[in-house]
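This report looks at one strand and its partners, and then at one helix residue. Have the structure open while reading.

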Amino acid sequence: MQFLKLVLRNALRHRLRTVLTLLGLVVAILSFGLLQTVVSAWYAGAEGAAPTRLVTRNAISLVFALPLSYRDQIRAVDGVRAVSHATWFAGIYQDPKNFFPQFAIEPRTYLAMYPEYLVAPQEFAAFLRDRKGAIIGRKIAGTYHLKVGDVLPLRGTIYPGTWEFTVRTIYDGVDAKTDTSQMFFHWEYLNETMKKRSRSHADQVGVYVVDVADADRVAEVSHAVDALFKNSLAETLTETERAFQIGFVKQTEALVVAIQIVSYIVIVIILAVMANTMAMTARERLAEYATLKVLGFSPVYIAALILGESVAIAAIGAAIGIALTFPVSDWFAAQVGTLFPVFKVSGETVILQVLCALGVGVVAAIAPGRRAATVKIAEGLRAIR
Amino acid sequence: MPIPVAYSVRNLWARKFTTALTAGGMALVVFVFTAVMMLDAGLKKTLVATGQPNNILVTRRSSGTEIQSGVARAQAAIIESQPEIAIGPGGVRMASKEVVVLITQPKRNTGVPTNVTVRGVGLQGLTLRPQIRVISGRMFRPDSAEIAVGRSIAERFNGTGIGERLRFGGRDWTVVGVFDAGGSAFDSEVWGDGEQMIQAFRRTAFSSVAARLADPSRFDALKPRLESDPRLTLDVKREQTFYEEQSQVMSNFISYLGLTLSVIFSVGAMIGAMITMYAAVATRTSEIGVLRALGFRRGSILAAFLVEALFLGLAGWVVGLALASMMQLVQISTMNWQSFSELAFRFTLTPEIVWKSLVFALVMGLAGGFLPAIRAARLKIVDALRAA
């Protein structure tokens, strides 16, 4: 009790300095938390992938399409429960910076495969009836203030021209991890138009999504699908949805690594500030510590006093920083809109924040604590500030 | 009469540990600030260097990238025949009809499948890009299944050594050479014969047409004429402008993220400087009293502490910049979001970045030292002397 009182009194002795240090800590812990959240948002697509879903794409690269005729051949593979397809549209809504993914899909089979996208049955029926209809995610609706019935024009980059869609339904995610920043529309609409314009682009789809009945047979089925089209005009590559998503993330990994490094640099910066504070504090109080030693307190007790003060300041700073992380990340998520499909502070991030703060508190106390514990009494009493 | 600068500097030296920690914190902030700007500069330099000032690039309207673009043979022929296009030796039109696609290739160390740009060029494709030099092996022969790879590709990808074969488009392609494209985006590409590739990929249209202008100033006449031609629906851009635009999304992301981080981090470093300077003022109260008693004015005291804070910033800048300049040895390769393909570039230090980071560091020092210096200047002589 006595010890805690001393620690707290000491921490509050130099109000201005403590407040400044706390402020620094809050900024550091907050930005560390945000950066870690950015990194996990990067991987969000892979997190939401189901283990039994496979993606089959052209083996050369995603730029090349697959013929529609593959659908029935894949469906016939043993172990396959359902097959659907999706085609990347790459349309621009008003301005290139308003990015969200758009897919031309086969509506019935595709949404049946993604139970995590929740749609109202009546609205979905309306979507099925309207060939120019579109389903958009809740996040798109929120960011661009779209509602059911609105017209959504997209300027095509792969498929030239302006395409007009009518929002027929807005889907919600089954939980916070679900990506609600996508748009889906009828592949038939795309295909009919391509048939008129350029026959060579008709009856082509981007990727096939394959639902496997048994999670244990995923590897077997993916081999079977690829073997089917070996030495054909369009060889395929089938991988799990997770591997497919990670493939994208991996290619921008350099940036993720840079953000990771930077997030730890901010911790080192605050460590320097905190260590400086503790060093100055201990230097100023050297005479007091010598006095405590004269009174018979052990060097360990004195070191513990400094450590306690350092950890206490770090803990308060961390608590405020973590508490602020949540509202600030919500604000940030609202600002960037559909750029990051999922932007949520994870439990791991909070644990990392706590650990980093404690680490800073402990490391900052090492040098001053040792100095105060080992100083000779006579020297300490004589010390000039 | 001002107090000698030596007084401020020696004060910093007297408390080496504290000075080192404070300046160290600032150095890290300067490092982040500088490194991010260097990254952005490197990205822009790479993409701008890719374009030649007197070349134009024609793509399908609003396709944005060459990969999404398509230019039919008939359209390409119209472009080629424009009077503004230069005529080379032997009367050939200086234009190259190109096929640009992505293939997926595993990276050498990590095995990560990565999108690589493959460019099939016309006969004039190499003449149009004088920055390309073969550094080992030889250039691919026209009308053959030979390819040459950029140096970044040769360094990073499996199966790209001379004599090795890459399989794509249903056939094998033999690597016969490695070229250096002077740090441009072509360094991250695989080049081969355009006509061979258009057949291998079963395309009916080219991706883009690159051409040299006989007179660069005629661009302004050519562009509106081609773009308003109802047969074409194409975008005509200077090659340099086109590639510069390819860097936009990535460059914006890097600079916004970098700026936000620098500002947030600098708050931490400024607080560190403030703590140090407040302590410096507190421990030197009696010294300040003596100086005032000797006749130094408040302004001189203020200046002395500000100079001290500026030196802290300066020390942080020197260390931070030294760390950052070492980053020039690092090459970064990542997927460019606009072209969806691998792009390698370097951290590049420019004079502009050097002085920007200096200003940044000094402002940080000044902002941290301002309040403490004011406190020092406002001390009353009697109180200050009594504090001893």
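Two strands pair if DSSP finds at least two bridges between them. Helices (H or I, at least four residues) and strands (E, at least two) are DSSP runs, numbered from the N terminus. The model is predicted, so local features need pLDDT of at least 70 and side-chain atom pairs count only at pLDDT 80 or more, while totals for chains, interfaces and linings use all residues. Residues are numbered from 1 along each chain as its sequence is written, and chains are lettered from A and ligands numbered from 1 in the order in which they are written.

**Strand E4 of chain B**

Strand E4(B) covers residues 113-121. The table lists its pairings.

| Partner strand | Bridges to E4(B) | Direction |
|---|---|---|
| E3(B), residues 95-106 | eight bridges | antiparallel |
| E9(B), residues 189-193 | five bridges | parallel |

On the E9(B) side, B:Gly120 has B:Gly192 as its bridge partner. Eight of the nine residues in E4(B) are buried (20 or more other C-beta atoms within 10 Å of their own, with C-beta atoms placed from the backbone).

**A:Ala333 in chain A**

A:Ala333 belongs to helix H13, residues 299-336. This residue counts as partly exposed because it has 18 C-beta neighbours inside 10 Å; the class lies between buried and exposed (12 or fewer). Beyond its neighbours within four places in sequence, A:Ala333 is in contact with A:Phe340 and A:Phe343, where contact means C-beta atoms, placed from the backbone, within 7 Å. A:Val38 is 295 residues from A:Ala333 in sequence, yet their C-alpha atoms are 9.8 Å apart.

Terms used:
Two residues are in contact if their C-beta atoms, placed from the backbone, lie within 7 Å.
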